[in-house]
Amino acid sequence: MIFKKKYIALAAAFSLAAASVTAQPDADYETVVSPDDESTANDGKKHYFTALTGAAVTSTGIFLWNKYMIGAGWTQVTADYVAHFYEHEQSWDKDWFWTNFVLHPYQGALSYMAGRSANLNRIESFGLATLTDFAWEYFCETNAPSKNDLVYSSVGAFPVGEMMYRLSLEADQIHYLMGYTLNPERIWSEFWTKQKPRGTTGNIYELALSFDLGTSYARTSFGYDLGNQYEVFPVFASPKIAIVYNDPYGHDSNEPYSQFNLDISFALGAGSGRAMKEMDESFFHDIRVMSDGMLFARAPAIGETASTLGLVFEYDFIWNNLIQLSSLAPGLAFKQRIPFEKSDMEWQLHGAWLALGTTQYDYLYRGATETPNSLFREYSYTTGAQLVARWKWKSLAGQALAFDLHGYAMYDFADQEQDFADTGWELLGLLKASYELPLSRRVRMGVKDELYVKKTLYSEVEDIFLVANTVSAFAKLQLK
């Protein structure tokens, strides 16, 4: 019951914050008109039925696929189970990490985009995602309604859905199929309304594709019983896309996510036979989604600088051999660009409340203790604080030196419903330093070093101290 109140308070606070920044007219959110067919111009009218049926069709399709094609046991709901939905008690679930913190936000984002594609505003679209999420948890699963899913499929759906919605319109400039791929709900809305979603194009401020080759090494101290453990991953390859939507510096807008940063990367590599888990001895993986978007921004006049002050929302996801981490964190951000004669210096500082996050429980995740016989998760649900600090120097010639720090102070929820996973504080820091040199106007080369540190303050078991270092060289194609 306590969590229900916390969830309601979180959703209400999020809605009020979004409402306050959407109260102004959509001055920078105009109609998209297809260059070859003005009949697709958006009339601005809200199509509630289209939004509701679009979200329902998508959720129903996902449910039927799992029920009849996969035969998932949790889909075997009965009429009696549905009729007594109000008796279902919420719990923290033990689903796969990828399912909980990528697939669930994405499923919620589809409902959110169904609303946005039918001209609903952000509050209405958020409400649609929340409604769909509630219906899924209470009517479409035999499992207990999941506390974490109720947050990640609604609150988490907002940043994912709004970024994909906006990028879908940008992708139309390349090919309409790319736009549909990023926002498949457009297929339904455009079929019924005969018009494209609202929005502007030409907002991509920076777009870069890069390819890394690197190596990683880690040392973990598990205390007196297990001592130090060493792991080596000698080589990995990682493609990455980095998007900056509108200039972060000097940004002034009431439009949530009218400015955001989004980095997505995927890495595969080899192990050296020195790892804690058998699979990790020969295989390395790393998937990351790191993002932040301005909910509300003002551009204070401070000398010759371009400055931004406002509300920010952080959505992070990291999943590799050493780290399982996710965060949903609203907070404050200050960003500033300082021009010099032949270079610019940029810096940012974000401080946020980590409303709901996760981090790996290393004793289980990294095979340092015996695996329980019962169903378990390898991570803990947390709350706490998040810090983001960035500094970058770049010359007019294209040279760049950058530092990026993501810090997390996470406190594990006490009701984890997993006896062997102790609660306490977990302090994490991820520091990246990079240097790049231009080979041409578009092509750049560089080196990068990433240091990951984790220190736990557990109450019952031995504390953990983990240090991992990753060194890589990269080639970058700066498209914009």
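This is a predicted model: local features need pLDDT of at least 70, side-chain atom pairs count only at pLDDT 80 or more; totals for chains, interfaces and linings use all residues.
**Entry 1: Asn183**

I started with Asn183 and looked up where it sits. Asn183 lies in the loop between α8 (176–182) and α9 (185–193).

Next I listed what Asn183 touches. Leaving out residues up to four places away in sequence, the contacts of Asn183 are Met113, Ser117, Tyr165 and Ser168. I checked the spacing for Met113: Asn183 and Met113 are 70 residues apart in sequence, while their C-alpha atoms are 6.9 Å apart in space.

**Entry 2: α4 and α9**

Met113 also turns up in the contact of α4 with α9, and I looked at that pair next. Helix α4 covers residues 97–117, and its axis comes within 9 Å of the axis of α9, with a crossing at roughly 30°. The angle is under 35 degrees, and I therefore noted α4 and α9 as roughly parallel to each other. Their crossing is right-handed.

For the residues, I found Leu110, Met113, Ala114 and Ser117 on the α4 side, meeting Glu185, Arg186 and Ser189 of α9. By type, the residues of this contact are 3 nonpolar, 2 polar and 2 charged.

**Entry 3: α2 and α4**

I then turned to helix α2 (residues 48–70). The axes of α2 and α4 come within 7 Å and cross at roughly 155°. This angle is over 145 degrees, and α2 and α4 are therefore roughly antiparallel to each other. The crossing of α2 with α4 is right-handed.

From α2, I listed Ala51, Gly54, Ala55, Thr58, Ser59 and Ile62; they meet Gln107, Leu110, Ser111, Ala114 and Gly115 in α4. I counted this contact by type as 5 nonpolar, 6 polar and no charged residues. Leu110 and Ala114 are listed here, and I had them in the contact with α9 as well.

**Entry 4: β5 and its partners**

Last, I looked up strand β5, residues 306–320. Of its 15 residues, 12 are buried, and I noted the strand as mostly covered. Which strands pair with β5? Strand β4 (residues 284–298) pairs with β5 in the antiparallel sense over 12 bridges. Strand β6 (residues 324–339) also pairs with β5 in the antiparallel sense, over 14 bridges.

I picked out one position for each pairing. Gly310 in β5 is the bridge partner of Ala297, and Leu311 stands opposite Leu332 in β6. The link from β5 to β6 is a hairpin through 3 residues.

Methods. Residues are numbered from 1 along each chain as its sequence is written. Side-chain values use heavy atoms; hydrogens and water are left out. Helices (H or I, at least four residues) and strands (E, at least two) are DSSP runs, numbered from the N terminus. Contact means heavy atoms within 4.5 Å. Buried means under 20% relative accessible area, exposed over 50%, partly exposed in between (1.4 Å probe, protein chains only). Two strands pair if DSSP finds at least two bridges between them. Axes are lines fitted to C-alpha atoms, for helices over the stretch in contact, and angles run from 0 to 180 degrees between N-to-C directions. Angles under 35 degrees count as roughly parallel, over 145 as roughly antiparallel, 65 to 115 as roughly perpendicular and the rest as oblique. A crossing is left-handed if the near helix is turned anticlockwise from the far one by less than a right angle, and right-handed if clockwise. Ala, Val, Leu, Ile, Met, Phe, Trp, Tyr, Cys and Pro count as nonpolar, Asp, Glu, Lys and Arg as charged, and the others, Gly among them, as polar.
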